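Here's a walk through one protein chain, written for someone who would rather look at the model than at a table. Have the viewer open and follow along.

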Amino acid sequence: MKKELAKLLQEIERKAEEERIPIMQPEGIAFLCSYIETHHVRSILEIGAAIGYSAIRMASLDREIKVTTIERDQKRYEEAVAYIAKAGLEKQIQILEMDAFDFHSEEQFDLIFIDAAKAQYIKFFQQFRHNLQEDGAIITDNLEFHGMVSGEVEIKHSRNLKRLIRKIRGYIAFLQENEEFESEFLKIGDGIAISRRRKGQKENVLLERKQ
């Protein structure tokens, strides 16, 4: 099965490269998988399934891992469903075709992984922080955005791209100033943030939800 899975992952990686479908960079996905194993993560909420690559990588680490992943693009959702079936991980991965903002659940997750529309990162964080276990983490990808966020790579001409970079910088500032969470920023892959709730803050969240 390991050989078959490796072959399938290579197939997904080729497709992503050929069709310019955004999936995690090798360093980023390797770090994410290492984090899951090191911290004994068993329940994961992923915002942005794309074609299922990261969900498959995460779920294949351990049979006890359960992944709920959300994708709003119909074509990518259907491709992800097919790849998850090929990987034999239908029992571990629940994929939902919907806008993430329409997902409402009381379920608590060990890890929330945000890898969807970058302009909406703050809104995603605010909405789903309620679903995080007290000692869990929110991991966000693409905070370097190919070096453009830090200014290492020049942003040329595109107003939309410049606006997106401003949004990502705004999200980084939001994490840095956040009183509920403490965030660590890593120059791994395309830039990753790990946000963990400060001690005693979970009680405030529970009170907030009851109001």
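## The overall picture

Keep in mind that this is a predicted model. The chain holds 7 helices and 7 strands. Going along the sequence, they come in the order α-α-β-α-β-α-β-β-α-β-α-β-β-α.

Of the 211 residues, 48% count as buried. Take the contacts between residues at least 6 apart in sequence: 66% of them join residues at least 24 apart.

## Helix α2

Helix α2 covers residues 26–38, which makes 13 residues.

Which residues of α2 are buried? They are G28, I29, F31, L32, C33, Y35 and I36. In an α-helix there are 3.6 residues a turn, so residues three or four places apart point the same way. The cover over the buried residues of α2 includes β1, α3, β4, β5, β6 and β7.

## Helix α6

Now jump to helix α6, residues 159–177. Its 19 residues should span 27 Å at 1.5 Å each, and the end C-alpha atoms are 27 Å apart, which agrees.

On this helix, I165, I168, Y171, I172, F174 and L175 are buried. What sits over them includes the strands β4 (109–114), β5 (132–140), β6 (181–186) and β7 (192–197), along with helix α5 (121–128).

## S195, a buried serine

S195 belongs to strand β7. Is S195 buried or exposed? Its relative accessibility is 0%, so S195 counts as buried.

The side chain of S195 makes a polar contact of 2.7 Å with the side chain of S183. Setting aside residues up to four places away in sequence, S195 touches F125, G136, A137, I138, L175, F181, E182 and S183. One of those, L175, is also among the buried residues of α6.

V67 is in strand β2, and its relative accessible area of 1% makes it buried. Beyond residues up to four places away in sequence, V67 touches I44, A55, M58, A59, Q92, I93 and Q94. V67 and I95 are 28 residues apart along the chain, with their C-alpha atoms separated by 8.1 Å.

F103 sits in the loop between β3 (93–97) and β4. Why does F103 count as buried? Because its relative accessibility is 11%, and the cut-off for buried is under 20%. F103 touches L45, T68, I70, L96, M98, Q127 and F128, again leaving out residues up to four places away in sequence. F103 and F128 are 25 residues apart in sequence, and their C-alpha atoms are 9.3 Å apart in space.

K15 lies in helix α1 (residues 2–18). Although lysine is a charged residue, K15 is buried, with a relative accessible area of 15%. Its side chain joins that of E79 through a polar contact of 3.2 Å. Leaving aside neighbours within four places in sequence, K15 is in contact with R20, I21, I51, E79 and Y83.

R20 is in the loop between α1 and α2, and at 75% relative accessibility it counts as exposed. R20 has a positive phi of about 55 degrees although it is not a glycine. A50 has a positive phi too, near 55 degrees, and is likewise a residue other than glycine. A50 lies in the loop between β1 and α3, and at 11% relative accessibility A50 counts as buried.

## The largest pocket

How much space lies in the largest pocket? About 650 Å³. The lining is made of 33 residues, and P22, D115, A116, A117 and K118 lie nearest the centre.

Elements that each supply at least two lining residues are β1 (43–47), α3 (53–59) and β2 (66–71). By type, the lining divides into 15 nonpolar, 8 polar and 10 charged residues.

Conventions. Residues numbered from 1 in each chain as written. Predicted model: local features only at pLDDT ≥ 70, side-chain atom pairs only at ≥ 80, totals over all residues. Heavy atoms only, no water. Helix = DSSP H or I, 4+ residues; strand = E, 2+ residues; numbered from the N terminus. Expected span 1.5 Å × (residues − 1). Buried < 20%, exposed > 50% of the residue type's maximum accessible area, 1.4 Å probe, protein only. Contact = heavy atoms within 4.5 Å. Polar contact = N/O pair within 3.5 Å; in protein donor to acceptor, adjacent residues only side chain to side chain. 1 Å grid on protein atoms, 1.4 Å probe; cavity = no way out; pocket = protein on both sides within 12 Å on 5 of 7 lines; lining within 4 Å. Points joined across faces, edges and corners; volume = space filled by probe spheres on them.
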